[in-house]
Amino acid sequence: MGVKGKLIASIEVRCGGHSIHDMFHTNTHHIPNINPTKYKHFEIHEGETINVGSIVSLKYNQDGKEKILKQVIEVVNPQNKSITWKVIERNVIELYNSLIVITSSEHQWTTLTFVYEKKTDDIPEPLTDFDFFLDSIKDMEDHLIKI
């Protein structure tokens, strides 16, 4: 069994946490339009929208490398505006036994949580990935303020 870890960050969003939640829940297909140099493609493989059991993928560029993130939606909680994704395929998934991504939003805040299990002690924490997705939330905020 590997080393378990958790990364959590809450960021203030001027557009309101509900807007970020809506982007993740009902408008995820617009993410590539927000920053086309960073986000390349979003696809729903199973399910019609972002619902429990849906399988989705996102192609993106991080540090000059194209990456693919494929995940299954495990929980959607409209009351606390949270979504839990379990990563099932990914460029760096070889390093981790599991990776869960949770977003939750309230008022002017959005919280991003990574819960992961490293395969070995010497595997680094997924800090660059975590920072990338925090920056993605900021990109969404900037986009939503403009429209």
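What percentage of the 147 residues of the chain count as buried? The share is 48%, where buried means under 20% relative accessible area, exposed over 50% and partly exposed in between (1.4 Å probe, protein chains only). The model is predicted: local features need pLDDT of at least 70, side-chain atom pairs count only at pLDDT 80 or more, and totals for chains, interfaces and linings use all residues. Residues are numbered from 1 along each chain as its sequence is written, and side-chain values use heavy atoms, with hydrogens and water left out.

The chain holds three helices and seven strands. Helices (H or I, at least four residues) and strands (E, at least two) are DSSP runs, numbered from the N terminus. Along the sequence their order is β-α-α-β-β-β-β-β-β-α. The radius of gyration is 15 Å, which agrees with the value near 15 Å for a compact globule of 147 residues. This radius is taken over C-alpha atoms, and the globule rule is 2.2 Å times the number of residues to the power 0.38. Along the principal axes, the C-alpha atoms fill a box of roughly 45 × 30 × 25 Å.

Contacts (heavy atoms within 4.5 Å) were examined by sequence separation. Of those with a separation of 6 or more, 47% join residues 24 or more positions apart.

Helix H3 spans residues 127-146. Its 20 residues reach 29 Å from first C-alpha to last, close to the 28 Å expected at 1.5 Å a residue. The expected span is 1.5 Å times one less than the number of residues. Buried residues of H3 include Phe130, Phe132, Phe133, Leu134 and Ile137. The charged residues Asp129, Asp139 and Glu141 are also among them. Glu141 has a relative accessible area of 7%, so Glu141 counts as buried. Beyond residues up to four places away in sequence, Glu141 touches Glu12, Val13, Arg14, Cys15 and Ile20.

Asp63 lies in the loop between strand E3 (55-62) and strand E4 (65-77). Its relative accessibility is 66%, so Asp63 counts as exposed. His107 lies in the loop between strand E6 (96-106) and strand E7 (109-118). His107 is likewise exposed, with a relative accessible area of 66%.
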